[in-house]
Amino acid sequence: MVNIGLANIACFVEKYNFTDPKEAKALENFKFTAEKLGHNFNFMFRENLLEIPKYDAVFIRATTDPLFTAYIVSKTAWETGLKVVDDPKSIQICGNKIHLYSLFEKYDVPRIPTIIINKDDFHHKRILEIFRTFGRPVVVKAPYTSFSRYVEKVACETSFREVAKRFFRKSDVLAVQKFTPTAFDWRVGVLNGEVLYVCKYMVPKGRWKHGAKRRGKPSFVWGRTVSLKKENAPAKLKETALKACAVVGNGLYGVDIKEVDGNYLVVEVNDNPSIYAGQEDLRNKDVYEKIIKYLID
């Protein structure tokens, strides 16, 4: 707990956080809200990491991954006794989808049917067995996926082997999931065990996931974001999201969920969820204040 009325909050960012106007506006909103509540809010870049101990709390907006600078910031702040979002444990769990799915199974979280495969278990009979179990196509996912990267759909053994070969270069274990096409994925923002916002991440026409790579180009095309008042979202959806987050921690998460025949199946829990002005905050204007107050509690 921060024991002073006026708190010093650091927001760790990288330059790319300001390239999208909607994200830049959201960062402005965080700063404005913190200062309105009487606190200092400074953007901290990687060249200022030695300043971490002078702050009371750290909020991370740069992309998190156990191999990225953001994780060093999180761990340093955590070990220094500061309040930090995202905390290092959450980054570790969410950054390894294999670990995450194991927790979903252990705690009976409703989820997309998933099979874990490793290099030694990857052969002709195993591939046929997976196709018999899930049908075709299936979705192959690397443990470290984020922003829809390293998630690909395969419908035959040849493409399965090609994708797995690429993904196995960085990981000995992969997740294979039942292909579950929907017009949108639910995104439920959760903070400290409470629903913060609810959105629908629409799937672009002719694609099968919210973020899809443009043909022949390195850039991505993203579907629309439709925001709902959290009070109007289905109760079962929110219960499912909270149950999924409970196995990770008490931080800030974005839960991706598919709705199939009235059932809600968790795709994954993400730490460091996107918050863009006019999207996640559109129907839930208190997003900024709730996060700032959590940081200084």
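Student: In this predicted model, in which loop is Asp 261 found?

Tutor: Start with the two strands involved. Strand 14 covers residues 252–260, and strand 15 covers residues 263–271. Asp 261 sits in the loop between strand 14 and strand 15.

Student: Is Asp 261 buried or exposed?

Tutor: A residue counts as exposed over 50% relative accessible area. Asp 261 has 77% relative accessibility, so it counts as exposed.

Student: What do strand 14 and strand 15 form, and what is the phi of Asp 261 in the turn?

Tutor: The two strands pair in the antiparallel sense over eight bridges. They form a hairpin with two residues between them. Asp 261 lies in that turn, and its phi is positive, at about 50°.

Student: Which residue in strand 15 is the bridge partner of Glu 259?

Tutor: Strand 14 holds residues 252–260. Strand 15 pairs with strand 14 in the antiparallel sense. Within strand 15, the bridge partner of Glu 259 is Tyr 264.

Student: With which sense and over how many bridges do strand 9 and strand 14 pair?

Tutor: Strand 9 spans residues 184–191. Val 188 stands opposite Val 255 in strand 14. The pairing of strand 9 and strand 14 is antiparallel, over six bridges.

Student: Why is strand 14 described as largely enclosed by the rest of the structure?

Tutor: Buried means under 20% relative accessible area. Strand 14 has nine residues. It is largely enclosed because the number of them that are buried is seven.

Student: How many residues of helix 8 are buried?

Tutor: Helix 8 runs over residues 287–296, ten in all. Its buried residues are Val 287, Tyr 288, Ile 291, Ile 292, Tyr 294, Leu 295 and Ile 296.

Student: How far apart in space are Asp 261 and Lys 89?

Tutor: In sequence, Asp 261 and Lys 89 are 172 residues apart. In space, C-alpha to C-alpha, the separation is 34 Å.

Student: What radius of gyration does the chain have, and which value would a compact globule have?

Tutor: The chain has eight helices and 15 strands. Its C-alpha trace spans about 65 × 40 × 40 Å along the principal axes. For 297 residues, a compact globule would be near 19 Å, which agrees with the chain's 20 Å.

Student: What share of the contacts with a separation of 6 or more comes from residues 24 or more positions apart?

Tutor: Contact here means heavy atoms within 4.5 Å. Of the contacts with a separation of 6 or more, residues 24 or more positions apart account for 67%.

Note on methods:
Residues are numbered from 1 along each chain as its sequence is written. This is a predicted model: local features need pLDDT of at least 70, side-chain atom pairs count only at pLDDT 80 or more; totals for chains, interfaces and linings use all residues. Side-chain values use heavy atoms; hydrogens and water are left out. Helices (H or I, at least four residues) and strands (E, at least two) are DSSP runs, numbered from the N terminus. The radius of gyration is taken over C-alpha atoms; the globule rule is 2.2 Å times the number of residues to the power 0.38. Buried means under 20% relative accessible area, exposed over 50%, partly exposed in between (1.4 Å probe, protein chains only). Two strands pair if DSSP finds at least two bridges between them.
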